[in-house]
Amino acid sequence: MTGEHEGGDAPDEGADPDAPGADLRDLPAFSDGRNHSLPGEPEWPVKEVVVEYDEGWFVGGYDRVEQPDGTEKQYYWAELSPATVVVAVADGQVLFVEQYRPTVRNTQLELPAGIVESGESYTEAGARELAEETGFEPSSTSLLQEVWCSTGVLRHTRGYVFAEGLEPVDVDHDSNEFLAPRAVPVDEALEIAREPPTNDATLEGLLLAEREGLL
């Protein structure tokens, strides 16, 4: 059974029961029009879904799951909207942004990134975020990889996007973004990104681009 606690409304008539997150779409936290990272059809029976937090930008709770030995366990999760991470290259340089992260209390050099808004693809969101954060709009984008992040606790998908053909546009930072664009030579980008403090999204994006022969 599924619900804010045990139970819940029946699925909409005609809804695809095999769609990702079909057992969650009738819960208020996941039917609010936001873009969500929804899991697929469970292989182990889900006895109950409990949403404990809905802060607007993330949803937290647990699934009570029947394990293969017949026992039941609460598997906690935090769900975040899908995100895009952009590897943007122009004139032999990679575009980074430098910003302070209060969560880890340090300043990091990162690839431009942001939330995928409802109706956007990873590449569309990547182009928008790149323009908003760095002041450059790409003429072309391509998706390098989609991944699930920190699957022990998170429900969060991330798309890595490669962008090129950059043209200057007006910068439009969000109210909580205090960042500065920085250009780094392509042949130094990975080495610089590995210097502490660093983060997984930046390293993964650069490694994927290098693997594809784009750096």
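**Exercise 1. Determine the order of the strands in the four-stranded sheet and identify which strands stand at its edges.**

Solution. The model is predicted; local features need pLDDT of at least 70, side-chain atom pairs count only at pLDDT 80 or more, and totals for chains, interfaces and linings use all residues. Residues are numbered from 1 along each chain as its sequence is written, and side-chain values use heavy atoms, with hydrogens and water left out.

Step 1. Strands are DSSP runs of E with at least two residues, and helices are runs of H or I with at least four; both are numbered from the N terminus. Two strands count as paired if DSSP finds at least two bridges between them.

Step 2. The sheet is open, its four strands follow the order 1-2-3-9, and the pairing is mixed.

Step 3. Strand 1 and strand 9 (154-155) each have a single partner strand, so one side of each is left without a neighbour in the sheet; these two stand at the edges.

**Exercise 2. For each pair of neighbours in this sheet, state the direction and the number of bridges.**

Solution. Strands of a sheet pair through backbone hydrogen bonds, either parallel or antiparallel.

Step 1. Strand 1 (residues 46-54) runs antiparallel to strand 2, with seven bridges between them. Glutamate 48 lies opposite arginine 64 of strand 2.

Step 2. Strand 2 is also antiparallel to strand 3 (residues 72-80), through nine bridges. Here phenylalanine 58 faces leucine 80 of strand 3.

Step 3. Strand 3 and strand 9 run parallel and share two bridges. Alanine 78 is placed opposite leucine 154 in strand 9.

**Exercise 3. Describe the two hairpins and the burial of strand 2.**

Solution. Step 1. Three residues separate strand 1 from strand 2 in their hairpin, and glycine 56 in the turn has a positive phi of about 95°.

Step 1. Five residues lie between strand 2 and strand 3 in their hairpin, where glycine 70 adopts a positive phi near 95°.

Step 2. Buried means under 20% relative accessible area, exposed over 50%, and partly exposed in between (1.4 Å probe, protein chains only). In strand 2 (residues 58-66), eight of the nine residues are buried, which leaves the strand mostly covered.
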